[in-house]
Amino acid sequence: MYAWRTINGYESSSYWLAGMAQFHINADIAFAIEQYYTITGDDDFLKKYGFEIILETARFWMQYGNFTELDGKHVFVINKVTGPDEYSALVDNNYYTNVMAQFNLRLAIKYAEKFKATDVTSRLNVSDKEIDRMKQAADLMYLPYDKEKNVKLQFQDFEQLPPMHLDQIDQSLFPLLLHYHPLMLYRYQVNKQADTIMADILFPKGNTKEQLIADYDFYEPITTHDSSLSKAMYAIAASRAGKKEQSYDFFSQAVKTDLLDLHHNTQNGIHAGSLGAAWQGVVYGFAGVVNNAEHFSLEPKLPSAWNSIKFKLRLHNNECLFTIYQNEVHVELTSGKACEVYVYGKKVRVTPQHVKEVCKY
């Protein structure tokens, strides 16, 4: 296990229900390693460190979860966890956690095959039986879903909880965690921050726009955004869902977190995670960079108040400068041999002979 909050490497969270029980951090780190490897192609890192981290975190899920019968089906479940949302804790089958664990397991399977019959798998004692078991768990992962509302359930039986009517609560009582006991919050459909919506953001492939809109419309009204990490994530989701005004509003609030001391605690230090999330709001939201795709792609959705955005990204051994306007994208190769990207499905190849390419959309 990786620590959720730490000072010296050991778990330092004083409230384990909303700290240590956030086991998804293991899969989050595996996800980050895959993102790093996809962008850099750093085989040396993957061989020496990355695969071992992916494998050991996958082994954790096999130990903590279990196979069982549920709703007449043979499934793999992960019970008694806390997802990203801290207004619910120690739940069964948190959607985000299970999706991340599924991805973690499939990464272990993929790279076990890559390093099969090498000193890497022998050093880590990887067996075909273990990998087959992981494949079974990943394929049978239980993902709670409300068929009546057509939304992904934050966790098993989430639909049984009554909604908390946030519009009827006095503004002086926010953030709720300072005025309500956890046992009050845990009994309602109320979120401190993005949870299931995070799964939609991290795994856009195979998730229809209709599904994203359904999830967004269900979870946004019950989310307080008491966490500084939340609004930037909702800005991304809103942008992808075509809700441009809401997206820009959430982003604007996110970047002002410390500038305007919106959470009344900036004197204790800046919200570094929120700053990173704001950068993601620009790149994954407005610029429309899609992660976990078969190729690097952009689907820009610039706010109407902006004329353009400009940023650099490294893709393997290439560095590209992207300039996005309301109706076109300029891709410039600033270093490297060649870069291939897709803009709204159209392939754009940039080489030293053609340093800059323009794509209209």
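Ala, Val, Leu, Ile, Met, Phe, Trp, Tyr, Cys and Pro count as nonpolar, Asp, Glu, Lys and Arg as charged, and the others, Gly among them, as polar. The model is predicted: local features need pLDDT of at least 70, side-chain atom pairs count only at pLDDT 80 or more, and totals for chains, interfaces and linings use all residues. Residues are numbered from 1 along each chain as its sequence is written, and side-chain values use heavy atoms, with hydrogens and water left out.

**View A. The lining of the largest cavity is formed by Ser239, Lys244, Ser247, Phe286, Lys301 and Pro303.** A cavity is a set of points on a 1 Å grid over the protein atoms alone where a 1.4 Å probe fits but cannot get out, and lining residues have an atom within 4 Å of a point. Two of the lining residues are nonpolar, two polar and two charged.

**View B. Helix α5 comprises residues 128-139.** Helices are DSSP runs (H or I, at least four residues), numbered from the N terminus. Within α5, Ile131, Met134, Ala137 and Ala138 are buried (under 20% relative accessible area, with exposed meaning over 50%; 1.4 Å probe, protein chains only). These four residues lie on the same side of α5, because they cover an arc of only 120° around the axis (the arc of the directions from the helix axis to the C-beta atoms). The face turned away from the buried side carries exposed Asp128, Lys129 and Asp132.

**View C. Ala254 lies in helix α10, residues 244-255.** Ala254 counts as buried because its relative accessibility is 5%. Leaving aside residues up to four places away in sequence, Ala254 touches Lys231, Ala232 and Ser274 (contact means heavy atoms within 4.5 Å).

Methods: 1 Å grid on protein atoms, 1.4 Å probe; cavity = no way out; pocket = protein on both sides within 12 Å on 5 of 7 lines; lining within 4 Å. Helix = DSSP H or I, 4+ residues; strand = E, 2+ residues; numbered from the N terminus. Expected span 1.5 Å × (residues − 1).
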